[in-house]
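Colleague: Hi! I'm new to this one, could you walk me through it?
Modeller: Happy to, let's open it up together.

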Amino acid sequence: MRKRTFMWLVAGVMTLAAINLAVMVAAPGQRPAVVLDDFSECLTPLAAAAACLLTAARGRGRTRQAWGLIGISAACWGLGQVAWTYQEVVLNLHPADLFPSYPDLGYLTAVPFAFVGLLRLPGGTITSGARLRSLLDGLLIAAALLFISWDLVLGPVYGASSTDLFSKAVGLAYPMSDIAMVTIVLLTISRLRIGQRLPLALLAGGMLLNAVGDSSFAYLTTVQNYGSINPTDLGWTLGYALIGLAAIRASASAADTGVAAQRLPRWRSLLPYWTVAVAGIFAVMTEIEMGSLSRVLVWDLLFAITVVLIRQFLFLRETHVLNGQIASKNDELDQKVRERTHALTESLEELHQTGEERRQLLLRLVTLQEEERRRIAHIIHDDMLQSMIGAKMRMFLLADGNGANAETAATIESAIDRAIVRMRGLMTDLRPQILDLGLKATLEQSIAEFNEVGLVVTLENHLKSDPSVIVGTTLYRIVREALTNAYKHAPGATVTVTLHGGGGDGFTARVSDDGPGFTPQANGRSPQGHVGLSAMRERAEALGGWARLDSAMGQGTTVEVWLPHQVAAAAEVPAA
Amino acid sequence: MTVYAEPLGVVIIDDSEEVRAALGLVIDAQSDLKLLGAASGVTEGVGMVRRLYPDVVVLDVNMPDGGGQRAAHEMTAAAPEVRIIAFSAFDKALIRKVMTAAGAEAYVSKSGHISELLAAIRGPRNPGMLEGSPVAKSGVPWSDD
């Protein structure tokens, strides 16, 4: 059902109630008012019954049962009212003679159906503890309502001695069933987790209005003051109208009338206690007004107190059990944390050991690599280079002798020269002259080469002593790699190479340029083209040091490396 | 080329056989130079200098048993008049410095043109090729090349 249609229905119900009230006020006790009142009291419950049964037909499971039972209840009440209307309007009997009679059968039959129907409304997850709590809450509400009702309705009805026993029983049945109904309505409000609040509110409102109508009817009948036309009659008309609207509203979303897993608002879970509080206020007022409480009220109060105590005891026990569970869960958690911490520590140790083994392997690799490079450099120097130089000298002889061969000799000689230059370059790469010149001088040579090709490099040397061969070679290679990268990626930049250390706290070399820089990747990998960065890091780590790169777009690039003064458990490269 | 009556006596000290042979041929081909001998090591070379009194020694820098530096020291001690031409595969300012400090008159790179070496051998008669830079007695650690 669309919201607009629903609003039209609400407006219709309001109009009907307004007309009813207007006629009642304009012509109290007169026939048109009586007829209008009776007919609207027939029409509304029967329409509500139809709406409830339709909703039941569309629903499933507990929703279907609940609305079906509420529908039957409304139908019973409507039929009772039809009987009443027939007697009052057609047979023209006086209301005072109509009590107790057939209509009461309809009215009272409606109560158990509505009661069970409300109970069948789908609720949240019901545990045995929750069911017991619901029962106690119900008893508490009932005790409080009994107290209020005894003060207002039940007491006077019970005390009225003018009627026979049957009339008295039927008269008492109304307020008693009202207590039951209001109890179940309040319980429903405090317990149920209905997805849509509107149907619940409408239903509860309708039931409460009915109860008010019933109770006032019983009271007025008992005190012989009921005359078919009474403003409280509007309670029934409006009550059933609300129930009908609730059914329509619930039907509009029959699928989700069920459970919504939301937390119950606190005011709703405290509802039973509120009722007790109201009863308490009544008790105080009665005490002040009458000077004493009747025995029924005293027992009722004692009963309510007992229920509250039991409820409290249950609550404490549950809290205790829950606390115990939390404590044991905490213990379990603690144990798990301890186990995990232990496992982590072991893993860390393993990791550390693996890291140390890896470092040793890398160191061995670096050492072997340097040895191999040295060996190749020696071969080039002692054998190939000398042969080339000898050949070049012989070419000189050849060119010196014969003019015709001079040109060929010059060509061969320049080819030999190129080979010599390449061999010398290769030797410098393979074997930096750390052993011969020291780190500073070797770097100066390297820097001179870079200066020649256009990279402006300056060296700031703050070394207190020269590093060992392996440390010096590694520093040299990393600095050279960084300079090569600067040459490739920051052409024309100004580069500063700074050397520190040698005082026992290791050696630091920093190469920073004022080039364009780049965004280093989060995984620590080299960006495209900067192939040497991970190699730098591995070389430094092999010696127990570190190397890092710092760069950002427009911020230049800085490579920094630190190596320890002494290489732990290292196979030093033997001097050649 | 001017021909002088008395050719300059030259001794070659170089551990590379190929260089000794080729350089020997080049020197022999010069009418104003005379190859007195060629040694492959420092000890042999110093002995040869003591025995033959050459005018000029062409001394390889990179050699075993102490290298050219030691050889230059010993030869200047044994025969102060002998002129030493350091001859190296590397053209490094530092090596140049060390060798001149050890008593070498000139420093010539092996990878340069052979005429540079010949000019250095002829030295005093061909002053344009002389390596005459002042010598600083630096204590730069240096083992071999």
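Colleague: In the crossing where α3(A) passes α8(A), is it left-handed or right-handed?
Modeller: α3(A) passes α8(A) in a left-handed crossing. Do keep in mind that this is a predicted model.

Colleague: Thanks! At what angle do the axes of α3 and α8 of chain A cross?
Modeller: Roughly 155°, and the axes of α3 (residues 61-90) and α8 (residues 233-252) of chain A come within 12 Å. Angles over 145 degrees count as roughly antiparallel, so that is how α3(A) and α8(A) lie to each other.

Colleague: Which residues make the contact?
Modeller: From α3(A) there are W67(A), I70(A) and A74(A), while α8(A) brings Y240(A), I243(A), A247(A) and A250(A). By class, this contact of α3(A) with α8(A) has seven nonpolar residues, with no polar and no charged ones.

Colleague: Switching topic: in what order do the strands of the open sheet come?
Modeller: The order is β1-β2-β3-β5-β4 in chain A, five strands with mixed pairing.

Colleague: And why is one side of β1 and of β4 in chain A left without a neighbour in the sheet?
Modeller: Because β1 (456-461) and β4 (546-551) of chain A stand at the edges, each with a single partner strand.

Colleague: How many bridges join β3 to β5 in chain A?
Modeller: Seven, between residues 507-513 and residues 557-563 of chain A, and these two strands run antiparallel. For instance, A509(A) has V561(A) in β5(A) as its bridge partner.

Colleague: Which strands does helix α15 of chain A touch?
Modeller: α15 (residues 469-489) of chain A packs on the sheet and touches β1, β2, β3, β4 and β5 of chain A. Its direction makes about 5° with that of β3(A).

Definitions and conventions: Residues are numbered from 1 along each chain as its sequence is written. Chains are lettered from A and ligands numbered from 1 in the order in which they are written. This is a predicted model: local features need pLDDT of at least 70, side-chain atom pairs count only at pLDDT 80 or more; totals for chains, interfaces and linings use all residues. Two strands pair if DSSP finds at least two bridges between them. Helices (H or I, at least four residues) and strands (E, at least two) are DSSP runs, numbered from the N terminus. Two residues are in contact if their C-beta atoms, placed from the backbone, lie within 7 Å. Axes are lines fitted to C-alpha atoms, for helices over the stretch in contact, and angles run from 0 to 180 degrees between N-to-C directions. Angles under 35 degrees count as roughly parallel, over 145 as roughly antiparallel, 65 to 115 as roughly perpendicular and the rest as oblique. A crossing is left-handed if the near helix is turned anticlockwise from the far one by less than a right angle, and right-handed if clockwise. Ala, Val, Leu, Ile, Met, Phe, Trp, Tyr, Cys and Pro count as nonpolar, Asp, Glu, Lys and Arg as charged, and the others, Gly among them, as polar.
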